[in-house]
Amino acid sequence: MIAEQPIPVYTTLSEVFGSVEASLPHAARWNNLAEEFEKRFGRKPQYIARAPGRVNLIGEHIDYALFGVLPAAIERDILIACAPRPLPPSSPKAELEHFPGSVIAENTQSKYTRQVFAPAVKEPQEVSDNAAHVESWHLDINPKELRWESYVKAGYYGVLNYHFSTAEELPVPVDLLVTGSVPAGSGLSSSAAMVVSSTLAFLAVNGKLESNDRGRDTGPVLNKGGLVQLSMKNEKRVGVNSGGMDQAASVMSDPSSALYIAFYPSLSASAVPLPNGAVFVCANSLVVADKVIGAKRGYNLRVVETLVGARILANSLGVEVGPRDRITLREVVSKFSGEKDGEDMGPDELEKSLAVLEEKLEVLKPKQPDNGQLGVTMDEMIKMTGLSKDLFEEVYLSWVDIEATYFQLFNRVKHVFSEARRVLQFRKTCLEAAQSSTSNDTVFLESLGRLMNDSQTSCSQLYECSCPELDQLTHLAREAGAYGSRLTGAGWGGCTVSLVPENKVADFIQRIKETYPPYKGLEGDALNEVIFATKPGRGACVLKLG
Ligand code: NG1
Ligand code: MG
């Protein structure tokens, strides 16, 4: 089980990359970071934490409905060099950087300026009695403002509250330096890479990664699954109610294959070998999705639409839902199909159940469609759930900031069910290709391509998370010879992923460069930045120096 594996802590770069040869192309970047750290902070870093971005091959906007997804880590990553900061013998404590657990965070990109911050101990009365886990530390993170250090703080938050719940042991002051090669805001999950690497850096520097790091009991040591769960919670503090795909892909990937990540009945990951003869190409639309407004009218709105859709569907199917229970679509499928609690019906059964349920979604359409579309108003939606207005607001709106006049429950749920099926079909096709005795995988690749194209259509028309540029870029990709092409990640901008015959990659990139207007004139590094072939990469790790 990948989730139960320990988090890798290495002592050499060749261990990080699997061999000396494989580490060579990366050595300069890691060494430069260590040198730069020493230049800025006057001593060597003790650890470098690494977490990669990811590309989602298929399964968009279904992780928060608890359906399985199929991403792979990419080779581009975030690195954080760090070391504890010794305090002067009698520190006056007036300066922020003399506080316990204070952090000086720098970034190799100068537009991300130096930040100094320290966690505060929460007053006992601030700690709510019914919180599942008592949090005793606080860091200021403003989810309404996009700041680079918010991701660093988000990682730290969980480490503080997971490992330092009593005042007996204080976190160490830390200096850190961040560098990244995952393009920000492009759907390749630079955010999860930041949060995972920050979580790892703070665990490492506080001696919490290995049980005997400090020669005493440091609390439960996290395995990969634990790191995913902690990073998921951490990333929510930045304001997006994300599923767990990005963090899971960043932590659990392996270079030999893509990953099938399931979230129900619990988090699990299994390897999915990709057929021979094709390569995934990421291409950035160069439209940057607005994370803050986007969350209100996009991501978080979709989370609410699918949750409310799940309740209405459950009611219509006779599936029991407690008044305060925010049942997910995967749980509705489970209860409808009589799956036992905590059990997994398996992919074939799930695919069948999804096909049956896709035909039962009429109940999500408005009774009197007067707006010419399939949306319902807030009042109609509340009525459809059978909840009182107050209870509805408490359960579905109190924890999230959203904005909409019409809610497209039918279209959203239709996308989720059909996309969940496509993921299962994609996985099955990959497994069949791996077992088939033919040396020609073209037929399999064509099937995968079709599933990717259908996914794009569904994202664009039913989930409305595409944009004209992504539609255009995926269209051009198919014309340039891709088996299939779709947006990847949250959408509304960012990258596409295309499945391209291995021997046509160079031609493909050239064609896109010539035909996608925003790429005109780009050459060299600038072009490599926006369109590149990628293979599944390795998951997050820590390098222990000296
Ligand atoms: P991005 O925004 O591309 O990192 C987001 C979510 C995922 C998933 C995808 C859509 C975060 C951190 N991640 O990915 O969990 O829901 O959208 O499939 O919000
Ligand atoms: Mg993200």
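**Close-up views: salt bridges, cavities and a surface patch**

D344 has a relative accessible area of 47%, so D344 counts as partly exposed (buried is under 20%, exposed over 50%, partly exposed in between, with a 1.4 Å probe and protein chains only). The model is predicted: local features need pLDDT of at least 70, side-chain atom pairs count only at pLDDT 80 or more, and totals for chains, interfaces and linings use all residues. Residues are numbered from 1 along each chain as its sequence is written, chains are lettered from A and ligands numbered from 1 in the order in which they are written, and side-chain values use heavy atoms, with hydrogens and water left out.

View 1. D344 forms a salt bridge with R330, with the closest N and O atoms 3.8 Å apart (a salt bridge is a side-chain nitrogen of Lys or Arg within 4 Å of a carboxyl oxygen of Asp or Glu). D344 sits in the loop between α8 (329–336) and α9 (347–358) and R330 in helix α8, so the pair ties together parts 14 residues apart in sequence. Helices (H or I, at least four residues) and strands (E, at least two) are DSSP runs, numbered from the N terminus. R330 is buried, at 2% relative accessible area. E339 also pairs with R330, at 3.1 Å between the closest N and O atoms. E339 is buried, as is R330.

**View 2. The K428–E351 salt bridge.** The closest N and O atoms of K428 and E351 are 3.6 Å apart. The pair links distant parts of the chain, 77 residues apart: K428 in helix α12 and E351 in helix α9. K428 is partly exposed at 36% relative accessible area, whereas E351 is buried at 15%.

**View 3. The largest cavity.** This cavity holds about 40 Å³ of space (a cavity is a set of points on a 1 Å grid over the protein atoms alone where a 1.4 Å probe fits but cannot get out; lining residues have an atom within 4 Å of a point). The lining includes V55, L57, A72, A73 and F280. Strands β2 (47–58) and β3 (70–84) each give two or more residues to it.

**View 4. The second largest cavity.** Its volume is about 30 Å³. Among its lining residues are F67, G68, Y260 and L350. Helix α12 (residues 409–435) gives the most, with three residues.

**View 5. A nonpolar surface patch.** L96, F99 and V116 together have about 200 Å² of accessible area (Shrake-Rupley method, 1.4 Å probe). Patch residues have over 30% relative accessible area and no salt bridge, with nonpolar side chains joined within 5 Å and like charges within 9 Å. V116 lies in strand β5 (residues 115–117).

Technical notes
On a 1 Å grid over the protein atoms alone, a cavity is a set of points where a 1.4 Å probe fits but cannot get out, and a pocket is an open set with protein on both sides within 12 Å along at least five of seven lines; lining residues have an atom within 4 Å of a point. Grid points are joined across faces, edges and corners, and a volume is the space filled by probe spheres set on the points.
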